[in-house]
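Subject: Structure handover

Hello,

Here is the structure I promised to pass on. Please open it first, then read my notes below.

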Amino acid sequence: MLEKYNFSEIEAKWQKKWEEDKAFKVVEDPDKEKYYVLEMFPYPSGKLHMGHVRNYSIGDVIARFKKMKGYNVLHPMGYDAFGLPAENAAIKNNVEPAEWTWGNIEEMNRQLREMGLSYDWDREVATAHPSYYKWMQWIFIQFYKKGLAYKKENPVNWCPSCQTVLANEQVVDGCCERCGTAVGKKNLSQWYFKITDYAERLLDNLDTLDGWPNKVKIMQRNWIGKSHGAEVDFAIQGREETLTVFTTRVDTIYGTTFMVLAPEYPTVLEMVEGTEYETPVKEYIDRCAHMNEIERTSTTNEKTGVFIGQYAVNPFTKKPMPIYISDYVLMGYGTGAVMGVPAHDQRDFEFAKKFDLEIVPVIDPQDPEVDLNDLKEACAAEGIVINSGEFNGMNNQDAIQKIAEVAEERGIGKKTINYRLRDWLISRQRYWGTPIPMIHCDACGWVPEKEENLPVMLPTDVEFTGKGESPLATSKTFIDTVCPVCGKPAKRELDTMDTFLDSSWYFLRYCDARNDEEAFAKDKVDYWMNVDQYIGGVEHAILHLMYARFFQMALYDLGYVSQEEPFKNLLTQGMVIKDGAKMSKSIGNVVSPAEIIEKYGADTARLFILFAAPPERELDWSDKGVEGSYRFINRVYRAVYEYKEKYATDAAAYEIKTEADKNMAYWMNYAIKKVSDDIGERFNFNTAISTVMEMVNEMYKYKEGEVNSALYGEAIRNLVIMLAPFIPHVTEEMWDHLGYEGSVHEQRWPEYDESALVKDTIEIVVQINGKIKEKINIPGDLSREEMEKIAMEDEKVKGLTEGKNVVKVIAVPNKLLNIVVK
């Protein structure tokens, strides 16, 4: 009697056995080719969502498949455990961030194990554990010694709600990406990493990342924002200092009639001190401090600004030009000083009109629609150079090169490259993060903690108010220490690190996760790295992936790793949506993985989420689709148990005796070939599963006739193996029931027989004027001409064309024949 598919019993049984056997534990093996597959680790919020399930199911199929293909597979998991939510929970619920975090990790561990994921749990890391952040602090110190970490006072992005600093990348449309509050500016002394030292390498190396999606590489290129141009120095009348401007359009310099500085420009207050302009300038600067970058750079805003009472001298025309400050100029790009060319830049044009400044056209676009003597708006700056002295008559593109050369010759400028990328601000005024291991001594300045004293532990005697400076300042045990250099009383840094640092090297720690003596042993990292397949959401295209690449390059330069790039191949999986919208509590369309697992089992959840859409596309949740996946597993389960009861044989090999046998052998080998290619080459898991479903249909048809037990047994065996990466629990159960030795996940992936894929006859579709009318059997692998000749002589086809004028015949070999008739 057929045993019922009891998923809850089966899944619990095999999860327990895998854990007891440490089935997925892996060690370095120089005799085996390694494969490192990694999904981006989660923040321990306490509950898995469907995005997690999709991400981890994709990785698990790849890991299990590669293991069955003979690779030594590293497939680890851990938690990006520091961050603001734990601190907010502490404030809201009066619970320690550590207690909240470790409780959530315990719950998520349980859920991940329920999914049947093949992780080597002995390598689990949590970034909030001292055994991890000790080495995070050690890496910070190595970066500091190399000159990559420095401290400076700067206007920073400040979220008034989160009461913390945000990196440029964490400001979305002028708002905090976490809470949506409008972001302002605030002057703070902060720690930075010199990621700009790596801008060119980060850009150039993108060309080596053939396994990355183009869209991600484009996003990184745009963020780095390389632009070729020139720096030109403008003297200030009556002052020794000069204003240096970066411009990509030095060909328009003769049209410069005013200068505009960012309100934050370092010497603005010095230039207006004690003058009549000091008060209005200070008031304007204060107003700008409350605006975000989107507001300041909006093209629809009316232009505002204040004259600072100083004049710059155009180095080519020698004319004095008024200097203004205005909100539309930012310190974050170029030098914070802009030359105003109103004839050829719309923002400058609007500014000049507002303040009645001179407008001098210097490029003639040779457009009859444009009156250069009466411009109504800025005109296109492509054409012939005019009003530019010795450069008149040149094509403006040639003039860009020539004027830059002349500026260099005269010592007033130089050709240069600028990057949009800014240095990485890593200080945070929060508690639940890695303490920055720096100490300030009045005698020695800022010095790193001694490495033998690491980790600098997070204190527990802190107060959480959610406001003001870092909660570390409330600790009575943390701030006071002694200088590691001179031994005098000193004070610790009170800021913690941006949590993006923790996730910028965790893939290296997985290679040697239990090492107490160093962050990782180089020989182990050299064996496993780089990550062969990295999987995660495209929302991490800029932040996390850029930072991780920077860390890897810096550690490479320091000699700690041998690979310059961390991730060889990248897969960005699509979002899981329902009813056309992202799953959200507010919309009420959230489907909980726990509910699906309870009702249908983890194997069904995995199968549906892998079958419903290609991994890089959005997946629209379907309850019917889940039920269909559950029915399919039951169908396979019945076929396996029925085979064991009715057809099982000890025969070692099968012989093809009938046409039905030949068709069954074809489908088995076709499925092996297609599934192997779909998983191994393209990650088309949906079409791989679809192919297995077709094979199962053919197996059920085959059973209706005389069954060749040895052949059918081979089909059953290969079916279970091919489904093992997708539905690991039930395939393990079926493998065991069939009486095979060991685990199905330890089996070698099957090879297909090429000769079985050659069909003597094939079924093709016959269309009349594009509409399907008939199906006929003809010999396989015919040329177009042979196929057309044989098909047109078929009695069924003759009947379809009788009495009609055949205009054209279109033959697609092995597939269809379309007959166009009148």
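**What was found**

The protein has 24 helices and 34 strands. Helices (H or I, at least four residues) and strands (E, at least two) are DSSP runs, numbered from the N terminus. This is a predicted model, in which local features need pLDDT of at least 70 and side-chain atom pairs count only at pLDDT 80 or more, while totals for chains, interfaces and linings use all residues. Residues are numbered from 1 along each chain as its sequence is written, and side-chain values use heavy atoms, with hydrogens and water left out.

The C-alpha trace spans about 105 × 80 × 50 Å along its principal axes. Of the 822 residues, 53% are buried. Buried means under 20% relative accessible area, exposed over 50%, and partly exposed in between (1.4 Å probe, protein chains only).

**Cavities**

A cavity is a set of points on a 1 Å grid over the protein atoms alone, where a 1.4 Å probe fits but cannot get out; lining residues have an atom within 4 Å of a point. Grid points are joined across faces, edges and corners, and a volume is the space filled by probe spheres set on the points. By this rule there are two cavities of 30 Å³ or more.

The largest cavity has a volume of about 170 Å³. It is lined by 18 residues, and the closest to its centre are Leu 84, Arg 178, Arg 428, Arg 430 and Thr 499. β6 gives the most, with three residues. The lining of the largest cavity has seven nonpolar, six polar and five charged residues. Here Ala, Val, Leu, Ile, Met, Phe, Trp, Tyr, Cys and Pro count as nonpolar, Asp, Glu, Lys and Arg as charged, and the others, Gly among them, as polar.

The second largest cavity has a volume of about 50 Å³. Its lining residues include Asn 157, Val 171, Lys 185 and Glu 293. By class, the lining of the second largest cavity has three nonpolar, four polar and two charged residues.

**Strands**

β6 also takes part in a hairpin with β5, with four residues between the two strands. Gln 163 in the turn has a positive phi of about 55°. β5 and β6 run antiparallel and are joined by three bridges; two strands pair if DSSP finds at least two bridges between them. Cys 159 has Thr 164 in β6 as its bridge partner.

β5 (residues 149–159) also pairs with β9 (residues 184–193), antiparallel, over ten bridges. There, Glu 153 stands opposite Ser 189 in β9.

Elsewhere, an open sheet of three strands has the order β29-β28-β30, with mixed pairing. β29 (581–582) and β30 (619–620) are the edge strands, each pairing on one side only. β28 (residues 576–578) pairs with β30 in the parallel sense over two bridges. Ile 577 has Asp 620 in β30 as its bridge partner.

Helix α12 (residues 396–409) has 14 residues and should span 20 Å at 1.5 Å a residue; its end C-alpha atoms are 20 Å apart, which agrees. The expected span is 1.5 Å times one less than the number of residues. In α12, Asn 396, Ala 399, Ile 400, Ile 403, Ala 404, Val 406 and Ala 407 are buried. They lie on the same side of α12, because they cover an arc of only 160° around the axis. The arc is that of the directions from the helix axis to the C-beta atoms.

Best wishes

Note on methods. 1 Å grid on protein atoms, 1.4 Å probe; cavity = no way out; pocket = protein on both sides within 12 Å on 5 of 7 lines; lining within 4 Å.
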